[in-house]
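Subject: Structure for you to look at

Hello,

I am passing on the structure we talked about, with my notes below it. Please open it and follow along as you read.

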Amino acid sequence: KGYIFLLFKIIYRVIGFQAFADSHILSLLFLFGLCGMIFGSISAIWEKDIRRMIAFSSVAQIGYIFTAIGLRSEIGIICALWHMAAHAATKAMLFVSCAEMDDACGGTHLRKHLKGAFYHSPLLALAFSLGAINLVGVPLLSVFMTKITLVQAAIDVGGRHMGLVLVAVAISTLLNAIYFLGTTVNLFTPTKEGDEVLKPTVRKNPFTSVGLIGLIVLFLVFRKKI
């Protein structure tokens with residue numbers, strides 16, 4: 001997210017927010033943000049590789065950030081900043097856990113081979129599940145709160161911005177649920193006789209468990225702060 005922080009620096013310390021808004025660049029950021037929210041999620045649904053699925057999810061989540069910036073309001077900027085922090089912590093947890101689960105389930109990177117991953121790596125599967133339900137927008141979690149803030153910012157702005165944000169958030173949340181919750185359910189589904197089960201490619205790394213516990217604590221801290 002470093003380039004987004006740089007953008008904030010340029011807006012407020014070099015150009016000035018009002019001058020930046022008057023240039024209509026924020027309208028482009030708003031439009032691109034809406035497109036990212038929808039098309040990033042659609043790409044994630046069709047992606048069979050678990051790591052690429054999470055990467056496309058980042059496209060959608062960064063779409064939320066630019067949509068919030070494009071609303072030209074203080075609450076929109078606050079929403080963008082909080083979403084950047086919540087997404088960074090959550091996505092780190094998702095990438096670490098999915099990489100380790102993938103190795104524990106054969107290392108093919110395919111979502112279908114993660115079936116029953118909980119029974120191989122309980123902590124990893126639980127960490128992935130927490131990150132997944134957060135990005136879907138389950139109530140009382142950090143991303144849910146930033147989505148609500150984005151909607152509130154759009155309502156305050158009104159007009160076409162309000163309608164576009166409400167529709168985009170609803171569609172994106174539904175699409176998030178399709179690929180994230182579908183993958184999560186697969187982690188806890190026991191394998192049956194005849195299912196393709198691959199042997200682990202590497203031994204579990206104890207440092208990964210320590211790191212994930214730290215990320216889970218950070219995840220909970222963000223929830224309380226927001």
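The side chain of serine 129 reaches the backbone oxygen of alanine 125, at 2.7 Å. Please keep in mind that this is a predicted model. Serine 129 sits in helix 6, which covers residues 122-136. Is serine 129 buried or exposed? Its relative accessibility is 10%, and buried means under 20%, so serine 129 counts as buried. If neighbours within four places in sequence are left aside, serine 129 is in contact with Thr184, Leu187 and Phe188.

Next, two residues in loops.

Most residues other than glycine have a negative phi. Arginine 72 is not a glycine, yet it has a positive phi of about 60°. Where is arginine 72 found? It is in the loop between helix 4 (50-69) and helix 5 (74-104). Arginine 72 has a relative accessible area of 30%. That value lies between the limit for buried, under 20%, and the limit for exposed, over 50%, so arginine 72 is partly exposed.

Leucine 140 also has a positive phi, near 80°, and is likewise a residue other than glycine. Leucine 140 lies in the loop between helix 6 and helix 7, the latter being residues 142-157. With a relative accessible area of 60%, leucine 140 is exposed, because the cut-off for exposed is over 50%.

Now the chain as a whole.

How many helices and strands does the protein chain have? There are nine helices and zero strands. Read from the N terminus, the order of elements is therefore α-α-α-α-α-α-α-α-α.

Along its principal axes, the C-alpha trace of the protein chain spans about 60 × 30 × 25 Å. For 226 residues, a compact globule would have a radius of gyration near 17 Å. The protein chain has 19 Å, which agrees.

Of the 226 residues in the protein chain, 47% are buried. Take the contacts between residues at least 6 apart in sequence: 79% of them join residues at least 24 apart. The protein chain exposes about 11100 Å², and 70% of that area comes from carbon and sulfur atoms.

Last, the charges. The protein chain carries 20 positive and 11 negative side chains. The centres of these two sets lie 4 Å apart.

Regards

Technical notes: Residues are numbered from 1 along each chain as its sequence is written. Side-chain values use heavy atoms; hydrogens and water are left out. Helices (H or I, at least four residues) and strands (E, at least two) are DSSP runs, numbered from the N terminus. The radius of gyration is taken over C-alpha atoms; the globule rule is 2.2 Å times the number of residues to the power 0.38. Buried means under 20% relative accessible area, exposed over 50%, partly exposed in between (1.4 Å probe, protein chains only). Contact means heavy atoms within 4.5 Å. Accessible areas come from the Shrake-Rupley method with a 1.4 Å probe; for residues, only the protein chains shown count as cover. Lys and Arg count as positive and Asp and Glu as negative; His and the chain ends are not counted. The place of a charge is taken as NZ of Lys, CZ of Arg, CG of Asp or CD of Glu. A polar contact is a pair of N or O atoms within 3.5 Å; within protein, one must be able to donate a hydrogen and the other to accept it, and residues adjacent in sequence count only if both atoms are side-chain atoms.
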